[in-house]
Amino acid sequence: MTEKKIMKGNEVFVEAALQAGLKFYAGYPITPQNEAPEYMSKRAPDFNAVFIQAEAELSAINMLFGASAAGFRCMTSSSSPGISLKQEGISYIAAAELPCVIVNIVRGGPGLGNIRASQSDYFQATKGGGHGDYHLIVIAPSTLQELYNLTMNAFDYADYYRNPVMILGDGILGQMFEPVEIRPYKSILKLPEKDYVLDGCKGREPRVIKTLWLHPVDSLLKLNIRLDEKYKKIQKELNLMESSQTEDADLIIVAYGITARIAKAAIEKARKEGLKVGLIRPITLWPFPSATIVKASKKTKRFLAVEMSNGQLIEDVKLSLFGISGIQVDHFGYGGGWYPSPKNIYEKIKEYYTG
Amino acid sequence: MKKPEALKEAQTHYCSGCGHGIVHRLVAEVLDELAIREKTIGTAPVGCAVLLYDYFNCDIIECAHGRPPAVATAMKRLMPDKIIFTYQGDGDLAAIGTTETVHAANRGENFTIIFVNNAVYGMTGGQMAPTTLLSQKTTTSPFGRRSDVEGFPLRVCELLATSEGPTYIERVAVNNIKNIIKAKAAIKKAFQYQLQGKGFTFVEVLSMCPTNWKMSAAESLNFVDKMMEYFPLGVFKDRWNKK
C-alpha cells in the first residue's frame with residue numbers, strides 16, 4: 001500500500017531515509033534546509049531513531065562517523081557553508097569506508113553567499129571537497145518523487161560500496177512542495193554483511209576503525225590503490241542518467257537537478273517549433289555518465305551545459321568529449337542564486353538557430 | 001604484576017618517563033575489574049596516544065583531531081548498553097575539540113572521557129598547549145607563555161563543572177604512587193557511573209612529558225607537582241555523592 005502526500009522537499013528525504021531504516025540523524029540549522037532537522041526531530045521517535053541537533057557541523061558529521069562505525073544507517077543534511085565545514089569529517093568517513101548519506105541543499109556562494117537555490121557546489125561534491133584522493137557517490141534528483149526514491153537507494157549504494165553518498169539538491173528542491181508517493185523501502189542491492197562494526201569484541205577479536213596508516217610505509221599507498229579500484233568499480237556499475245530526444249538532436253542540453261526540469265519546458269517549446277533539441281540529465285554526477293554523452297556525440301556536435309553556476313558541470317561534459325574532434329561545448333548559467341526560466345533557456349536555444 | 005587482559009601484548013612507542021603507559025594501564029585494569037572489556041569501545045585521539053589501538057585489547061575507533069566526544073555521543077546513543085570512553089590529550093580536548101567537549105558534557109552524554117593533560121603538544125614536537133603553564137617554554141612559546149600574548153592555561157575541569165550536565169568530574173595525577181592509586185579510583189568511579197547509566201564522567205590526569213619538557217624523568221615528576229599549583233587535584237563535581 002502506498003500513500004500519496006503533499007510534502008516539502010526537505011521533509012521528503014528525511015521521510016525516505018526513515019522508511020529505509022535510518023537510525024541516526026545529526027544536523028545543524030542552516031537555511032534553506034531547516035525543515036529537515038525539524039521534521040526529523042518530530043518523526044524520529046516513530047522509528048526508534050536518534051535525532052541530535054549538533055553543536056556544530058563538524059560535530060554532526062563526526063557523530064555520523066561514530067553512528068556508521070556502530071553499524072547503523074545514518075544521515076546528515078545541510079546547505080553549502082555547512083557542507084564546507086563537514087568536509088573534514090567526510091574525508092575521514094571516505095577513508096574509513098563507512099557508509100552514510102549526506103544531503104546538500106545547495107545555496108548561493110561563495111562565502112555566506114545567499115539563501116537562494118544554486119548549483120555552485122558541483123566541484124566540491126564531485127571532485128573531492130576534503131583532503132586526499134577519495135570520491136563520494138553523488139546523486140542529483142530533479143523531482144520530489146525522485147528525491148524520495150533515490151534517498152532510499154542512496155542508503156543501499158552506501159552500504160553496498162561502503163562509501164559515503166551525497167544527495168546534491170538545491171534550495172528550490174528543498175523548499176518546493178509536490179505530491180510524493182510514500183513507497184515502502186525495498187533494498188535494490190544484495191547488501192554485504194557489516195563485518196567492520198564496532199559493538200564490543202565479545203566472541204571475536206577486537207576491531208579497529210582508523211584512517212592513519214604510518215607503518216609499513218606503503219600501507220597508505222595500498223589503501224589508496226584499493227580505494228581507487230573500488231571507485232573504478234563504482235564508475236563501471238553505477239551510471240544513472242535520463243536521456244531524451246537525443247537521437248535526432250542537433251543540440252543537446254546537459255543539465256541536472258532542478259535546472260534539467262526547467263530545461264525540459266524550454267526544449268518542449270523548441271521542439272514544437274521544429275528545433276531539434278535533446279536533453280541529457282546526469283542523475284549520478286559522480287560517477288558522471290560520460291558514455292552517454294560520448295555516444296550522443298556521434299550524431300550531435302553541439303552541447304550546451306546549463307547550470308546554476310558559473311561553469312562547473314561543463315568541465316565534466318568537456319572531459320567526457322575530450323579528444324573527439326568537431327564538437328562544440330557551450331555554457332549557460334550563473335552562480336550567486338540565479339536560476340533560469342524556461343524562457344531564458346529557450347532564448348539561448350534560439351541563438352543557435354538564428355546565428 | 002600481571003598484564004591486564006584489556007591490554008595487548010605489545011611494547012608501546014611512548015618515551016621514557018611518559019605518563020601514557022601508566023594511564024593506559026589504569027584504564028585497562030578498570031576494564032578488567034568491571035569485566036566490561038568485551039562491551040567497550042574506546043576512541044583513539046590525534047596525539048601521542050593515536051596508536052592506542054595497538055595497546056588496548058578492545059574495539060577502538062580512531063577519530064579526527066578533537067572530535068572523539070561527537071563520535072562517542074553517537075555510539076553511546078545508539079548502543080546504550082555498551083561502554084564508551086574517549087582518551088584525549090590537551091590539544092585534542094581543550095583546543096581543537098573544545099566545542100565537542102563542552103557540548104557533550106553539557107548534554108550529559110553517558111560516556112567517560114579520560115583527559116591526559118601534560119601541558120604540551122607531544123606528538124608534533126612540543127608546541128604550546130591550551131594547558132601550558134605561564135612562563136613555560138615550548139617550541140611555539142620560546143619566551144615562556146605570556147598571559148597578555150598567549151592567554152592563560154585553560155582549567156577544563158573547572159570550566160565543565162559550571163554546567164549542570166556532567167555527573168562526575170575529577171582531576172588526578174600520576175606522578176607518584178599515592179596519586180596513581182587515587183587516579184585509578186577516579187577512573188574506576190567514572191566507569192562505574194557509566195555502567196549505572198548515571199551520565200557524563202570526566203577524569204583529567206596530570207601527566208609527565210619529560211621529552212618535550214626537556215627534563216629528566218625524575219624532574220618531570222616534580223613538574224607535575226608544579227602543575228598542581230595551577231591545576232588543583234580534586235573532585236569538581238560528583239552528582240551522586242554530594243558531601
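**Entry 1. The strand pairing across the chains**

I looked up A:Val208 and found that it stands opposite B:Ile60 in strand 2 of chain B. The model is predicted, and I read the pairing with that in mind. Strand 9 of chain A, residues 208-209, runs parallel to strand 2 of chain B, and 2 bridges join them.

**Entry 2. The contact between chain B and chain A**

I then turned to the contact as a whole, to which chain B gives 28 residues and chain A gives 33 residues. By residue class, I recorded 15 nonpolar, 5 polar and 8 charged residues on the side of chain B that touches chain A.

**Entry 3. Strand 1 of chain B**

I next examined strand 1 of chain B, which covers residues 40-44. This strand is mostly covered, with 5 of its 5 residues buried. I noted that side chains in a regular strand alternate between the two faces of the sheet. In strand 1 of chain B, B:Thr40, B:Gly42 and B:Ala44 point one way, while B:Ile41 and B:Thr43 point the other way, and all are buried.

I also looked up the neighbours of this strand. Strand 1 of chain B pairs in the parallel sense with strand 3 of chain B (residues 83-89), over 4 bridges; here B:Thr40 stands opposite B:Ile83. Strand 1 of chain B also pairs in the parallel sense with strand 2 of chain B (residues 59-62), again over 4 bridges. In that pairing I found B:Ile41 opposite B:Asp59.

**Entry 4. The two domains of chain A**

Finally, I consulted the domain assignment of chain A, which gives domain 1 as 3-201 + 223-237 and domain 2 as 242-354. The C-alpha centres of these two domains of chain A lie 27 Å apart. Their contact takes 28 residues from domain 1 of chain A and 22 residues from domain 2 of chain A.

On the domain 1 side of this contact, I found two or more residues coming from each of helix 5 (122-127), strand 6 (137-139), strand 7 (164-170), helix 7 (171-175) and helix 8 (219-237) of chain A. Helix 5 of chain A gives the most to this side, with 4 residues. I recorded the residues of the side of domain 1 that touches domain 2 of chain A as 14 nonpolar, 12 polar and 2 charged.

Methods: Residues numbered from 1 in each chain as written. Chains lettered and ligands numbered in written order. Predicted model: local features only at pLDDT ≥ 70, side-chain atom pairs only at ≥ 80, totals over all residues. Domains from an automatic or database assignment. Contact = placed C-beta atoms within 7 Å. Nonpolar A, V, L, I, M, F, W, Y, C, P; charged D, E, K, R; others polar. Buried ≥ 20, exposed ≤ 12 C-beta atoms within 10 Å, placed from the backbone. Pairing = 2+ DSSP bridges.
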